[in-house]
Amino acid sequence: EGIKEREAEKEGIKEREAKEEAQKPKLERPCRSILHKETCTSRIPCLKTEARRHVTFDSVIIRDYGMILGDHPCCSYGPPVTLDWDYLEYEPLKVDEYEFHHSLRRPLKQLNLNYFRRLKLLEMAGTSEEDLKTSKKDVSKIKRSRSVTRYFVSAQPVEAAVESAVRKFKRVLKDDHWKSERHLFK
């Protein structure tokens with residue numbers, strides 16, 4: 001009796017899982033991998049596991065970071081800014097509440113900080129003139145170094161070949177220390 005009840009229970013569980021699976025939306029992604037063809041049988045189990053995967057979010061935590069003097073050389077002119085390590089963390093919000101109240105996404109043009117906006121942010125952060133000058137010098141050094149690297153990058157394969165030839169030439173001329181100490185290992 002106990003065995004029959006267990007089997008019936010297992011079948012009931014399987015039927016419920018099948019119904020739940022049928023109600024879930026399927027993730028129909030085309031297989032773009034060069035390792036698997038569209039008709040590959042090893043891809044079939046992956047589709048089943050993908051259909052069961054789902055992600056839910058409960059709350060959003062907002063952090064407010066300060067802007068400080070940075071060291072990244074990608075700004076066109078003037079000192080760069082970066083996020084500070086310190087932050088102000090606000091109370092967690094439910095995702096729906098956040099989505100209802102958050103402002104519209106700004107266009108990329110508004111996200112760009114020009115020289116004057118960066119200076120104003122750095123002044124508000126209390127950055128000294130001396131720090132600004134030092135940062136400008138450091139950024140210009142890094143930019144110069146990068147331009148030299150870009151200029152010589154085309155010569156890199158030649159340089160690697162010359163270094164390899166020099167190593168091989170030294171190996172031929174120099175008696176290898178393993179060969180000279182071979183008697184110690186006999």
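A patch is made of residues with over 30% relative accessible area and no salt bridge, where like charges are joined within 9 Å and nonpolar side chains (Val, Leu, Ile, Met, Phe, Trp, Tyr) within 5 Å. Accessible areas come from the Shrake-Rupley method with a 1.4 Å probe, and for residues only the protein chains shown count as cover. A salt bridge is a side-chain nitrogen of Lys or Arg within 4 Å of a carboxyl oxygen of Asp or Glu.

This is a predicted model, in which local features need pLDDT of at least 70, side-chain atom pairs count only at pLDDT 80 or more, and totals for chains, interfaces and linings use all residues. Residues are numbered from 1 along each chain as its sequence is written, and side-chain values use heavy atoms, with hydrogens and water left out.

**Nonpolar patch.** Select I62, L88 and Y90: together they make a nonpolar surface patch of about 260 Å². I62 sits in the loop between β1 and β2; strands (E, at least two residues) and helices (H or I, at least four) are DSSP runs, numbered from the N terminus. The relative accessibility of I62 is 31%, so I62 counts as partly exposed. Buried means under 20% relative accessible area, exposed over 50%, and partly exposed in between (1.4 Å probe, protein chains only).

**Salt bridges.** The structure holds two salt bridges. For one of them, select E89 and R63, whose side chains meet at 3.1 Å, N to O. E89 belongs to strand β3 (residues 81–89) and R63 to strand β2 (residues 63–69), so this pair links distant parts of the chain, 26 residues apart. E89 is partly exposed at 40% relative accessibility, and R63 is partly exposed at 41%.

Then select D58 and K94, which also form a salt bridge (3.2 Å, N to O). Because D58 lies in the loop between α2 (44–52) and β1 (59–60) and K94 in strand β4 (residues 93–94), the pair ties together parts that are 36 residues apart in sequence. D58 is exposed at 51%, while K94 is partly exposed at 47%.

Select R118 in helix α5 (residues 115–124).

**Positive patch.** Finally, select K133, K136, K137, K141 and R144, which form a positive surface patch. Lys and Arg count as positive and Asp and Glu as negative, while His and the chain ends are not counted. K137 lies in helix α6 (residues 129–152) and is exposed, with a relative accessible area of 58%.

Technical notes:
The place of a charge is taken as NZ of Lys, CZ of Arg, CG of Asp or CD of Glu.
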